[in-house]
Protein chains: 2
Amino acid sequence: MFDTVIYQQRRAKLKKDMGSGVLLFMGNEESPKNYTDNTYHFRQDSNFLYFFGLNQAGLAAIIDIDNDLEIIFGDELTVDHIVWMGQQATIADQATSVGVKKTLPYKDISTYLKKAQSSKQLIHFLPPYRHLNMLKLEEWLTIPVKELSARVSEQFVMAVINQRSYKIKEELVELEKAITTTAKMHVAAMSNAKAGMTEAELTGQVNGIAVAGGGGLAYPVILTINGQILHNHYHGNVLEKGQLLLGDFGADTAMHYAGDITRTLPVSYRFSLKQREIYQIVLKAEETAIQSLKAGVSYKDIHLRAALVIATGLTELGLMKGDPAEAVEAGAHALFFPHGLGHMLGLDVHDMEDLGEDLVGYDDEIKRSNQFGLKSLRLGRKLEAGFVLTVEPGIYFIPDLIDKWKADGTHLDFINYEALSTYRDFGGIRIEDNYLVTTEGSRLLGPPIPKTVLEVEALRIHA
Amino acid sequence: MFDTVIYQQRRAKLKKDMGSGVLLFMGNEESPKNYTDNTYHFRQDSNFLYFFGLNQAGLAAIIDIDNDLEIIFGDELTVDHIVWMGQQATIADQATSVGVKKTLPYKDISTYLKKAQSSKQLIHFLPPYRHLNMLKLEEWLTIPVKELSARVSEQFVMAVINQRSYKIKEELVELEKAITTTAKMHVAAMSNAKAGMTEAELTGQVNGIAVAGGGGLAYPVILTINGQILHNHYHGNVLEKGQLLLGDFGADTAMHYAGDITRTLPVSYRFSLKQREIYQIVLKAEETAIQSLKAGVSYKDIHLRAALVIATGLTELGLMKGDPAEAVEAGAHALFFPHGLGHMLGLDVHDMEDLGEDLVGYDDEIKRSNQFGLKSLRLGRKLEAGFVLTVEPGIYFIPDLIDKWKADGTHLDFINYEALSTYRDFGGIRIEDNYLVTTEGSRLLGPPIPKTVLEVEALRIHA
């Protein structure tokens, strides 16, 4: 947990930005896996963590600006609970640790909110994503579950985004910690991957390192010989020499700041020539993007610069044709690079995603595109100092997508479909690092993780 | 997945047992962690797995007995999805693999059920435990969420319990597989635990082995120097020589059959004399219980036999006094052994728990006790061949509970409170194995895992 004053300052700024009303923060409850009492690993809500810091189930909080009150709602453990769960600090002591003076039993929140409603106070809440919290909001605010999303407070959402987007130095320390553990996971995968091993075996190793770091996995591990399947969580394949292995995984800290790193390695000792050619293009795209990072530059522009590197490289290889800049303008490169260059990173791996992707990543000046590929870019707005983001270009050969584009005659001027026939089983390559944006440029977060062809191959010596 | 015929037989028996009506099976959806798209590892509903075998999100099924129809509801992937998620078997092909001929789009289930309701067909459903499924039931059946539990079909629940309680040989193979991975996890923990290491580091190792096994963790890992806290998932302590380390964890298979094993080891090379004395009592309690396992014997009786071993041992050590049999009758042993001897094990680690603990573990003949300790016994009924269960006695020194009993003057005739003062920092010991009940006795599932003092100490050689 951070120092008390950090939480107090965050809430003070929120009160000032909002001006009036009651701000409602839903903590999370335990989440049932296959029955009520067999739960997933507890994850507190990120906004609750950000403003109230308390990392346990069964809490909610309000900031009643009109009456200048902050209250944490939660129940003390009974002796029965203590036998099963151990001693814990009282709710009052926990509240004090984050600078909140008033606590009430959990059930009182319903009464409190109903009274506020009848006094014509405006109750602001953020988008719920857990269904239990939707049911609670329905009960507390008498708003049917289906109408909740329309009743979310955009003013509240924007006030939260305007704080969480700018990482303070204490948060950077946590992010570095997460990425340091994440680096260990990647070095282990790059060192230990061996033909004959299953993806699951290697996944187990990196999962273990994440847990040993004191947190856990920040998001489901992608560790696959089918890197061209972008959200692939199947780990049943056996690694074979000649294949590429794409690993996109990261740890979070006990406070839940997340690392998000991708590396791609050859299962053999060395990359094949074909693999190396594509790898160098992706790496150049990443480096170009990183060199472009700076407050004042839009991330949409940086995405397009990376796309241009990819289109240029693929044109040189004969897989694309025509003018690369025109190809990018038309969106033809997205056959190979169908996703965005990156996203904000913080307490959430896609930071603040459920507050609204467009509210987080776009603004009045830069709107989200509808073009295939570019429409998947989560962050497009002008960068500002304090933003933390991922840079993660990739090149993939997706047979289903190639077949569809070819059948539809899509971008015949820019794609050399014939030359693609020998790349159908290539897989995919992505390289991803995490950066802080500064006024002068950017700063790599966490230790450098081997990523040039030579650096990666140096770890493959026992393969 | 099992052979098609197994799922067909299970559903045929269910139809016969129920006679009429529409049986509704809710599959599970992805479960949001900190935002909608960052989900926990997918876990299908166990009843859906048992009768329909399909291990993916977005499915539901019905057995319409009145019209002799079985239908799986689910949606095919779009090309967009295939780009991100990869190719998958069609819903129809998947349904065929479990012997179901008819499939419909997911949205059609609502119409189907509403039509069945208006034709006065009785719709049977099982207790929902995921809040999203509660919201779906509310919509499909027009039953408010708060009334769902009262409208669950006890006939359906009992028909399911009457099948899932008896494990067939194919299920035993899966359980042995889960317990084999679980054994590797325990041997690793017993071999690798070292003073100076954090609990989290060791937790990471066993977690990694579970994932490498092709499934994952069957339940949250307990791996703690505070074994006296029964549901302790905190892993922040550093191991120190002289401490006891209690590990209760298990893997599940890709099909989700679970292992559930506990071992307790000294962080030092050897147990101290005091630790060994208590350990031997717990081991004797476990062995006595195992020797008593046999179809026709009630598990409540076996629990009490284990309790008698514990009370006798603690009396010999001077921590209890009076007649041990009378102490057990009065419930005095529960100060040290406050939980039940075990529970059914299968697709759920507490098998079928959300179908109703008393319906699974008790019957008209043997009812659950209200006595402290005994009331926590999940399985009390007469054992039958085919039951798979855990045997897990323990002895704990729980300062909060000791203080409360002492202050209340509880069981002064049986507890030697003065002698307990030197055991306040002892911690706890539990030993747990998994057994199949047979007509002649029982069979250990999985490989034997070191558990005598000598066997455990043999693994501690590098400590």
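## Reading the model

Because the model is predicted, local features need pLDDT of at least 70 and side-chain atom pairs count only at pLDDT 80 or more, while totals for chains, interfaces and linings use all residues. Residues are numbered from 1 along each chain as its sequence is written, chains are lettered from A and ligands numbered from 1 in the order in which they are written, and side-chain values use heavy atoms, with hydrogens and water left out.

## Where chains A and B meet

Let's start with the interface. Chain B contributes 62 residues and chain A 61 residues to the contact, where contact means heavy atoms within 4.5 Å. Together the two chains bury about 5100 Å², and 59% of that is on carbon and sulfur atoms. Buried area here is the accessible area (1.4 Å probe) that two parts lose on being put together, summed over both.

Between chain B and chain A there are 2 salt bridges, a salt bridge being a side-chain nitrogen of Lys or Arg within 4 Å of a carboxyl oxygen of Asp or Glu. B:Lys146 forms a salt bridge with A:Glu139, with 3.6 Å between the closest N and O atoms. On the side of chain B that touches chain A, several elements supply at least two residues each, among them strand S2 (32-35), helix H6 (131-141) and helix H10 (199-212). Helices (H or I, at least four residues) and strands (E, at least two) are DSSP runs, numbered from the N terminus. H10(B) gives the largest share of that side, 8 residues. By class, the side has 27 nonpolar, 22 polar and 13 charged residues; Ala, Val, Leu, Ile, Met, Phe, Trp, Tyr, Cys and Pro count as nonpolar, Asp, Glu, Lys and Arg as charged, and the others, Gly among them, as polar.

## Salt bridges within the chains

Over all chains the count comes to 60 salt bridges. One of them joins B:Asp68 to B:Lys15, with the closest N and O atoms 3.9 Å apart. B:Asp68 sits in the loop between strands S4 (60-64) and S5 (69-73) of chain B and B:Lys15 in helix H1 (residues 4-18), so this pair ties together parts 53 residues apart in sequence. B:Asp68 is exposed, at a relative accessible area of 60%; exposed means over 50%, buried under 20%, and partly exposed in between (1.4 Å probe, protein chains only).

B:Glu29 pairs with B:Lys136 in another salt bridge, at 2.6 Å between the closest N and O atoms. B:Glu29 lies in the loop between strand S1 (22-26) and S2 of chain B and B:Lys136 in helix H6, so the pair ties together parts 107 residues apart in sequence. Both B:Glu29 and B:Lys136 are buried. B:Asp351 is buried at 3%, and B:Arg164 is buried at 2%. In chain A, a network of salt bridges links A:Arg43, A:Arg164, A:Lys167, A:Asp348 and A:Asp351.

Helix H11 (residues 273-292) of chain B has 20 residues and should span 28 Å at 1.5 Å a residue; its end C-alpha atoms are 29 Å apart, which agrees. The expected span is 1.5 Å times one less than the number of residues. Buried residues of H11(B) include B:Ile278, B:Val282 and B:Glu286.

In chain A, A:Val297 lies in the loop between helix H11 (273-292) and helix H12 (299-316), and is buried at a relative accessible area of 18%. Leaving aside neighbours within four places in sequence, its contacts include A:Ser292, A:Arg305 and A:Leu383.

## Two loop residues with positive phi

Most residues other than glycine have a negative phi. A:His256, although not a glycine, has a positive phi of about 80°. A:His256 is in the loop between strands S11 (251-252) and S12 (261-266) of chain A and is buried, at 7% relative accessibility.

A:Met352 also has a positive phi, near 65°. A:Met352 lies in the loop between helices H13 (324-330) and H14 (357-361) of chain A and is buried at 1%.
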